[in-house]
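The tour below moves from a pair of helices to a sheet.

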Amino acid sequence: MSTSLHAPDFAAPASPPWSSDRDETLRCVQVRQETHDVKTFVLAAQGPRSFRYLPGQFITLELDIAGSKINRCYTLSSTPTRPDLVSITVKRVPGGTVSNWLHDNLRPGMALGVIGPAGEFSCFKAPAQRYLFLSGGSGITPLMSMTRALHDLGSDADIVFAHCARSPADVLFPEELTLMARNMAQLRLATVCEQHTPGSAYAGHIGRMDAARLAHIAPDFLQRDVYTCGPAPFMAAVRQLLAAAGYDMRRYREESFSFADQAQPEAQAQADGDGDATATHSIQLQKMGQSFPCRADQTILQAATAAGLRLPSSCSSGICGTCKTKKISGQVEMKHAGGIRPREIDQGWILPCCSKPVSDVALDR
């Protein structure tokens with residue numbers, strides 16, 4: 001499909017800030033094949049627009065796939081220092097509904113509903129002079145966004161960027177990182193691959209990240225602010241490694257969208273009856289004709305799961321908005337992480353995954 005190049009109108013008046021309270025429709029203008037199973041999708045606004053966000057933040061795609069409405073969060077791999085376009089870099093996950101749909105269907109010219117930006121994972125929220133960026137697989141995206149921004153701004157921060165991948169064929173953005181390192185005297189790169197690719201000229205580390213390898217890559221890692229993103233097992237290993245070395249974990253930050261692993265321990269504890277409940281309220285699902293009890297120390301989603309009811313959900317932590325439901329009556333206490341707009345809250349919508357009842361509640365579900 002051919003499309004005209006996105007040409008920003010540099011004389012256009014400044015557009016309003018990019019806000020999670022606005023409905024956005026972005027247009028795909030380019031698709032880049034990064035590796036055999038990773039693509040970058042470049043998105044533009046429908047009209048002249050400059051995007052402002054913090055490097056490392058994410059957006060939420062609002063998709064209609066096979067008749068089902070699905071929300072999914074993806075970190076922006078782009079940088080706000082190049083404000084006319086944004087991009088997400090997506091790994092195809094076997095059996096993954098959204099990643100496979102994006103890889104198979106999203107083409108230049110197609111439009112997407114987007115909520116964003118949101119998220120707290122950004123070195124620009126707590127600037128430091130020395131950083132250690134540790135990424136695993138496609139978890140490189142927020143760290144790439146931060147590095148691109150620091151590069152474009154001429155930062156003199158001392159950065160060690162260590163990227164871990166399955167094989168040299170799976171390494172993301174190697175050429176661009178090398179180019180940025182040429183321009184930034186204090187950006188040092190390291191790659192760790194679990195296995196070699198036959199015929200590859202790769203000459204980096206082989207194996208997995210461990211204490212000895214980290215000490216070789218960044219001997220002064222105890223003095224650096226650490227930012228980590230990758231699969232849950234990768235980040236758990238990094239946390240354990242740092243803690244065992246005596247690292248000050250108050251300087252450690254991580255980002256993860258491994259939703260299936262989030263909130264499980266708490267949900268199971270609540271289902272087993274642990275915790276001190278001060279009251280129990282009734283939750284009514286009017287369209288389903290179902291009701292179930294929910295303690296004041298449970299989220300509505302946890303109580304529904306304990307009652308054997310399956311409500312739409314994904315992140316279980318107020319990020320993605322998948323479980324968004326209209327509240328007909330009652331009061332809840334909701335602590336979300338960007339998955340719902342302020343105006344939606346004003347209209348009576350809630351996220352059951354992060355809402356605890358203050359009274360009996362009726363939902364339009």
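At what angle do helix 2 and helix 3 pack, and how far apart are their axes? This is a predicted model, in which local features need pLDDT of at least 70, side-chain atom pairs count only at pLDDT 80 or more, and totals for chains, interfaces and linings use all residues. Residues are numbered from 1 along each chain as its sequence is written, and side-chain values use heavy atoms, with hydrogens and water left out.

Select residues 140–152 (helix 2) and 174–183 (helix 3): they pack at about 30°, with axes 11 Å apart. Helix 2 is therefore roughly parallel to helix 3 (angles under 35 degrees count as such). Axes here are lines fitted to C-alpha atoms over the stretch in contact, and angles run from 0 to 180 degrees between N-to-C directions. Helices (H or I, at least four residues) and strands (E, at least two) are DSSP runs, numbered from the N terminus.

Next, show the side chains of Ile140, Met144, Thr147, Arg148 and His151 in helix 2, which meet Glu176, Leu177, Met180 and Asn183 in helix 3 (contact means heavy atoms within 4.5 Å). By class, this contact has 4 nonpolar, 3 polar and 2 charged residues.

Turn now to the open sheet of 5 strands, ordered 14-13-19-15-17 with mixed pairing (two strands pair if DSSP finds at least two bridges between them). Its edge strands are strand 14 (290–295) and strand 17 (349–350).

Select strand 13 (residues 280–285), which pairs with strand 14 in the antiparallel sense over 6 bridges. Leu285 lies opposite Gln290, and Gln284 opposite Ser291. Finish at Gly289 in the hairpin of these strands, where phi is positive, near 65°.

Notes. Angles under 35 degrees count as roughly parallel, over 145 as roughly antiparallel, 65 to 115 as roughly perpendicular and the rest as oblique. Ala, Val, Leu, Ile, Met, Phe, Trp, Tyr, Cys and Pro count as nonpolar, Asp, Glu, Lys and Arg as charged, and the others, Gly among them, as polar.
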